[in-house]
Amino acid sequence: MNDSPKFRILIIDDEPLFFEIIKVALQGYNYQILYEQKGELAIDTALRERPDLVILDWEIPVVNGIEVVKQLASFEETKETPVIMCTGRMTTSENLQMALEAGAVDYIRKPLDFVELKARVHSSLLLAQSFKDNKKQLEIIHQQEKEILQNENEKLNYELEANKKDLSTQILKLTHANEVNINMVNDLLEIAEKPDQNMSKSILHVIAKYKELINETTWSEFQIRFEKVYSNFYKNLLEQHPDMTPNELKYCAFFKQGLSSKEISLLSFTNYETIRKSRHRLRKKLKLQSEDDLITYIQKF
């Protein structure tokens, strides 16, 4: 059986008789009673012993009871320790208000009534214990919330990195596939340049339709993976530049991904000169100065 005291109570009063009276009143309870006569020593004792309750006389010498309450409330170790103020002379409603505003949780008049003392001590200790239990529960909840948030962030970061890798991989696949497609288109153009006019027109029509289809497919594949990585890019960009055209948004996406002119050319079936002109028009649309870097600006979104 564990006989260790359940609660520790610090009595602060310059009259040893008051301490003896409280000991008698609280005998039979599982309390450890500590005692100090002076306010400055009592503060050190409270910081060292961490009592569950302080019963404090208002009129102790040097550092009075009100000042002790304020100092106890200023320390992290004792700011939540309940204090019962005890006095035989400061008994008006104004005195009670002053004690409560200083940080006391209750107020007892001298001479002591044993029944009242026991009731107030018991209720203050229950309140303090309830507060501690609730605080521990809140700390557990906050820790759980922190762990959940951390796990969610780790999951999101993992998914984001996976999407970035997927986007980069898909760009490599698309540029390689389009390089093959461009070579095939060039071969068809050579055939179209031969004398048979009807054959040439048919081939040129097929080439045009084929380039359009490949361009749409390539952009669609790029767009899907791009928006998984940069979900708010277009929204943020359009909030500042609402007059952007679809083609300009496409180039902004290419630049956001940091693609080279060669990669953009392969993905969009456009030549370097077209890309250069598009870059120039985009700078004007975004109202960039000569010293502003286009890529750096777009990376902000």
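Predicted model: local features only at pLDDT ≥ 70, side-chain atom pairs only at ≥ 80, totals over all residues.

Visitor: Why is the pair Asp 13 and Lys 110 called a salt bridge?

Guide: The term asks for a side-chain nitrogen of Lys or Arg within 4 Å of a carboxyl oxygen of Asp or Glu. In this pair the closest N and O atoms are 2.8 Å apart, so Asp 13 and Lys 110 qualify. The structure holds 10 salt bridges.

Visitor: What does the pair of Asp 13 and Lys 110 tie together?

Guide: Asp 13 sits in the loop between β1 (7-12) and α1 (16-25), and Lys 110 in the loop between β5 (106-109) and α5 (114-192), so parts 97 residues apart in sequence are tied together. Those helices (H or I, at least four residues) and strands (E, at least two) are DSSP runs, numbered from the N terminus.

Visitor: How do you know whether Asp 13 is buried or exposed?

Guide: Buried means under 20% relative accessible area, exposed over 50%, and partly exposed in between (1.4 Å probe, protein chains only). Asp 13 has 0%, so Asp 13 is buried.

Visitor: What makes Arg 48 and Glu 49 a salt bridge?

Guide: Their closest N and O atoms are 3.4 Å apart, so that pair also meets the cut-off. Arg 48 is exposed at 55%, while Glu 49 is partly exposed at 23%. Together with Arg 8, Arg 48 and Glu 49 are linked in a network of salt bridges.

Visitor: How do you know how the span of α10 compares with the expected one?

Guide: The expected span is 1.5 Å times one less than the number of residues. Helix α10 (residues 272-285) has 14 residues and reaches 20 Å from first C-alpha to last, close to the 20 Å expected.

Visitor: Which residues of α10 are buried, and why do they line one face?

Guide: They are Ile 275, Ser 278 and Leu 282. Seen down the axis of α10, they fall within an arc of 60 degrees (taken from the directions from the helix axis to the C-beta atoms), so they line one face of the helix.

How values were computed. Residues numbered from 1 in each chain as written. Heavy atoms only, no water.
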